[in-house]
Amino acid sequence: MPEIPKAYEPGEVEQKWYRFWMEQGYFTPKIDQKKQPFVIIMPPPNVTGELHLGHGLTATVEDVMTRWHRMKGEPTLWLPGVDHAGIATQVVVEQKLAKEGTDRHVLGREKFIDRVWEWVSQSRQAITYQHQRLGASCDWTRERFTLDDGPVLAVRTAFVRLYDKGLIYHGERIINWCPRCQTALSDLEVQHKDVTGNLYYLRYPLADGDGFVTVATTRPETYLGDTAVAVNPEDGRFKGLTGKKVILPVIGRVIPVITDSAVDPTFGTGAVKITPAHDPVDFEISERQGLALVNILNPDATMNEEAGPYAGLDRFACREKVIADFEKAGLLEKIEPHSHSVGHCDRCQTMIEPEASQQWFVRVAPLVAAAIKAVDEGRITIIPERFTRVYVNWMENIRDWCISRQLWWGHRIPVWYCSKCDELTVSTDQPLACSHCGSNDIQQDPDVLDTWFSSALWPHSTLGWPEDTDDLKYFYPTSVMETGYDILFFWVARMIMMGLEDTGDIPFRTVYLHGLVRDERGDKMSKMRGNVLSPTDAIDEYGTDALRFAVTTGTSPGNDVNLGRHRLEAGRNFANKLWNSARFVFGSLEATPMEGQALARLTAEHPEALEDRWILSRLSRLATSVDRLMCDYQFGEAERQIHDFFWGEFCDWYIEMAKVRLSQGTLLPLPVLAHVLETTLRLLHPFMPFITEELWQGLKQRLPERSLEPDSIMIAPYPVADEKAVDPEAERVMDSVIEIIRCIRNARAEHKVPPTRWIEARIYADDLCSAIATQSVAIEILAKARPLAVLGRNQREAKGEKALVLVLKEAEVVLPWAGMVDVAAERQRLEREISANKAEIARLEERLKDSAFVSKAPAAVVEKERGKLQSCKDKLMRLKQELAQLN
Ligand SMILES: [Zn+2]
Ligand SMILES: [Zn+2]
């Protein structure tokens, strides 16, 4: 039999078992029409690089669910994938090109895309490797990339269908423009930051020469795009002004003063400039009022020819110049500091410009109703429940979704323009000619789709839609969508809309939202703060199981996890505890091999010994509780309870007592040791897959043949509670025995009894007396108490001896001082402590009587002194009691 190493070495063990699981094909489910499958589609990580701890948490939680359902015997599919991450990936490759002194325009579209693919193939391998190191039991034979042929066909099909239904349109709308990335962004790709800027009060001269209208703005350069000044129709201050005209300084454009009820009379002066091409509210006003749009920016945020003398200037330089010119002309009324929220590009942090632009949009209103209904009717459950309200709220206020991006990397928009008849051809396949006039002179739209468009189809596109594949029929709708609460809108809401639209069915039954991983102080992890912990580094240092333990134990859905080294250390300590206790069990089995039927008999006929009955009862309760928690998605709590049972009951008590029995030559604990270890390993396997497999295999080798059937713990059945094993009587007695041992140990520690010294103890109990007496050998050895007597309370007699008396719930423990401590020395020690304590009390009282101190010192300091006094007094009382017991 191969000897088990003294210490757990995660590295080798992890590689060995992952390879074995892959070779056995355990990750690939068998379609069984008689069974309901369990399905998770992995949220595809961006191909842009290394996984962070958030991915570590995602992968662990999904693997926990997957392994648990697989062990419950359900056909289980966890489908992995990677996202092409349009803008993020393009930015990364552009930065690489910039370092080489070139850019994508020099390269041209085709060569640039080749470069991206080259980079993507390396990055994908790294992501797959990292997932495998995390122990992810996903079906790699079904792995998908968002730009694979299948998902590409799905994207084009979805686009064409929406277009044919009039739910995709091309139009001019205000979009968020990133001047660095030079693309439109959706609202969700914009980060709003509070910025301290200024509010500039600009005077526009009236065309009739009769004074000015003053407007306030944070972006004075946009006056170049103004096409009206507006006031609220209810605002009495501007009676007589409406219908007049004003002249824009420097450029001389004449624009009208109009009324519109959207104007907020409390902002600035109450008269506002209207810049329809660069402000979403102004754009809506312009649509109502039929105002012209004047776009003043080039794509790189320099001023275009509409800016007249300012053309060519950068937007910020232009702002300076405009202010200087207004000031020179006496048209700058004042400048006030003003803090407001400004949008920044989520990818490159450049300040975005709202801009009117021709883009493709999804008309979402018709898709929303079904998506809200699915959640309202409970066909989709969101966990934790509080996010349901957030989801519905967001859906009710959703705006049309801008899906075109001026990028090269991504799903190209399947629209072709005809230069002959100006009509569009919208098609899933590359058309050879215009579908309207047959001309060959057609050009594909240069833009690509928002990455989230393909992500929105992920649950059905990965399973083969639009083809009616076996996978789609069997695995769709999926069971759980597990993801961070931060992308509920980005992604989850859109999957629900598109899933329902494309397939007529919900994409998943449950949405499980996990929290974010933060550092141990609760700060967000970021490269800038330097507090990032990479999952692979953590695995190298602590092992995969320790990392998985650290990110999940004690956590609950939707709540953030604070992860520091101490949690990783706790994970590693637990792995070592498992290892060492298993080594003890293995050693015992090797010393006395167990007979063939011992394990089977154990479950059939219940053992008689109290501690055996107790641990089996506790194990049964644990299995019940874990099952309930797992069904409630409380994985962190389930794991905590398994940990506490294993460490606090099995190792600390059962194994210690078993050692006593084994040393006396009884072999009764062997089957129980093997059974409890084996069951706990199975309970724990979804959380800590590697060490549990290693130990389970080790146990299997040391048990009689066919004691443990399957070839791997990961396909062994998940434990179910043996209800017949629940034994309240055994639990009551053992609780009492544990309490007795604990309090004798505490008394020894408190009175500094050397660990090797035996002390006398007498235990008095009522109805538990004889039951406790069965454990006297264990109590003797574990509490180092000899001679030990267990007696009925009625046998208690006043002996007149000096002793320490401990009153417990079900028993009383009497420890005679003689033999335990040197009474004279102990008395001296206590007297010394009492007088030192009295001196300290006197000093503190003196200080607190000093009115100068009490009135001048900070309240907190005085309070602290009062606290000290109180604890000194408490201690004095205890010392006096101890002395009294001694006398
Ligand atoms: Zn950007
Ligand atoms: Zn045509």
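This is a predicted model: local features need pLDDT of at least 70, side-chain atom pairs count only at pLDDT 80 or more; totals for chains, interfaces and linings use all residues.

Trainee: Okay. So is Cys345 buried or exposed?

Mentor: Cys345 has 1% relative accessibility, so it counts as buried.

Trainee: Which residues are the protein donors of the zinc ion (ligand 1)?

Mentor: Cys345 is one of them: the donors are the SG atoms of Cys178, Cys181, Cys345 and Cys348, at 2.2 to 2.4 Å from the zinc ion (ligand 1).

Trainee: How are they spaced along the chain?

Mentor: The pattern is C-x2-C-x163-C-x2-C. That makes the pair Cys181 and Cys345 a link between distant parts of the chain, 164 residues apart. Cys181 sits in the loop between strand E5 (168-178) and strand E6 (183-185), while Cys345 belongs to strand E13 (residues 332-345). Cys181 counts as buried too, at 3% relative accessibility.

Trainee: And what's the geometry of that site?

Mentor: Tetrahedral, with angles of 104 to 116 degrees among the four donor atoms.

Trainee: What about the zinc ion (ligand 2), what coordinates that?

Mentor: Cys418, Cys421, Cys434 and Cys437, each through SG, at 2.2 to 2.4 Å. The site of the zinc ion (ligand 2) is tetrahedral, with angles of 103 to 113 degrees. Its donors follow the spacing C-x2-C-x12-C-x2-C.

Trainee: Where do Cys418 and Cys437 sit?

Mentor: Cys418 is in strand E18 (residues 415-418), and Cys437 is in the loop between strand E19 (424-426) and strand E20 (442-444), 19 residues apart. Cys418 is buried, with a relative accessible area of 2%, whereas Cys437 is partly exposed at 34%.

Trainee: Switching topic: which way do the residues of strand E1 (residues 38-41) point?

Mentor: Phe38 and Ile40 point one way, Val39 and Ile41 the other way, and all are buried.

Trainee: How does E1 pair with strand E2 (residues 76-79)?

Mentor: In the parallel sense, over four bridges. Phe38 stands opposite Thr76 in E2.

How values were computed:
Residues are numbered from 1 along each chain as its sequence is written. Chains are lettered from A and ligands numbered from 1 in the order in which they are written. Side-chain values use heavy atoms; hydrogens and water are left out. Donors are N, O and S atoms within 2.8 Å of the metal (3.2 Å for Na, K and Ca); water is not among the atoms, so sites may look incomplete. Four donors count as tetrahedral if all angles lie between 85 and 135 degrees; four count as square planar and six as octahedral if opposite donors are over 155 degrees apart and all others between 65 and 115; anything else is irregular. Helices (H or I, at least four residues) and strands (E, at least two) are DSSP runs, numbered from the N terminus. Buried means under 20% relative accessible area, exposed over 50%, partly exposed in between (1.4 Å probe, protein chains only). Two strands pair if DSSP finds at least two bridges between them.
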